[in-house]
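The following paragraphs lead the reader through one protein chain. Please keep the sequence and the model in view while reading.

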Amino acid sequence: MSAFTVGEIVAERSVHLTRELLVRYAGASGDFNPIHYRDDVAAAVGLPGVLAHGMLTMGIAVGTLADAIGDTGRILEYGVRFTRPVVVDPDSGADLHVSAKVGAVDDEAARIDLTVTHAGTTVLGKAQVRVRLS
């Protein structure tokens, strides 16, 4: 996609997270913090349950744009604020929904605003991707 229109939704997807996926991500990323796979540790530090890795959530969010922009090398900049945890239930898991909407366009790039929700709550704040136009 080379032309962007402010307000246009360029990509959407939902991803189901499981505890198995968290363990696989821990192995791939090297982040073995037990709050990502042990309920007892998560509870001991005051968390509502086992949490998805923030970087996993962030990666899923930006990955939503891959098909829409065709070449991920066009991504110039990406940033988020981690605002709410994604609790992954041992039985039912957790569902993330990502919507990518064009927020601004200039002569060189488009700003894509990502809305990432879990259980009706936005979990990433100021999630923005700057994408080169061509």
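Thr 57 is buried, with a relative accessible area of 3%; buried means under 20% relative accessible area, exposed over 50%, and partly exposed in between, with a 1.4 Å probe and protein chains only. Thr 57 belongs to helix 3, residues 54-63, where helices (H or I, at least four residues) and strands (E, at least two) are DSSP runs numbered from the N terminus. Leaving aside neighbours within four places in sequence, Thr 57 is in contact with Ala 52, Val 86, Leu 96, Val 116, Val 123 and Leu 124, contact meaning heavy atoms within 4.5 Å.

This is a predicted model, in which local features need pLDDT of at least 70 and side-chain atom pairs count only at pLDDT 80 or more, while totals for chains, interfaces and linings use all residues. Residues are numbered from 1 along each chain as its sequence is written, and side-chain values use heavy atoms, with hydrogens and water left out.

The largest nonpolar core has 34 residues; such a core is a set of buried Ala, Val, Leu, Ile, Met, Phe, Trp, Tyr and Cys residues joined through side-chain atoms within 4.5 Å. Phe 4, Val 10, Leu 17, Val 86, Ile 112, Leu 114 and Val 116 touch the most other members. At least two residues of this core come from each of strand 1 (9-17), helix 3, helix 4 (66-69), strand 3 (94-105), strand 4 (109-118) and strand 6 (124-132). Not counting residues up to four places away in sequence, Leu 17 touches Ala 52, Leu 56, Ile 60, Val 86, Val 88, Gly 93, Ala 94 and Leu 96.

Strand 6 pairs in the antiparallel sense with strand 2 (residues 75-82) over 6 bridges; two strands pair if DSSP finds at least two bridges between them. Within this strand, Val 131 is the bridge partner of Ile 75. Strand 4 also runs antiparallel to strand 6, joined by 6 bridges, and the bridge partner of Asp 113 in strand 6 is Gln 128.

His 36 lies in the loop between helix 1 (19-29) and helix 2 (39-44). Is His 36 buried or exposed? His 36 is buried, with a relative accessible area of 7%. Beyond its neighbours within four places in sequence, His 36 is in contact with Leu 22, Asp 31, Val 50, Leu 51, Ala 52 and His 53. A polar atom of the His 36 side chain lies 2.7 Å from the backbone oxygen of Leu 51.

Terms used: Polar contact = N/O pair within 3.5 Å; in protein donor to acceptor, adjacent residues only side chain to side chain.
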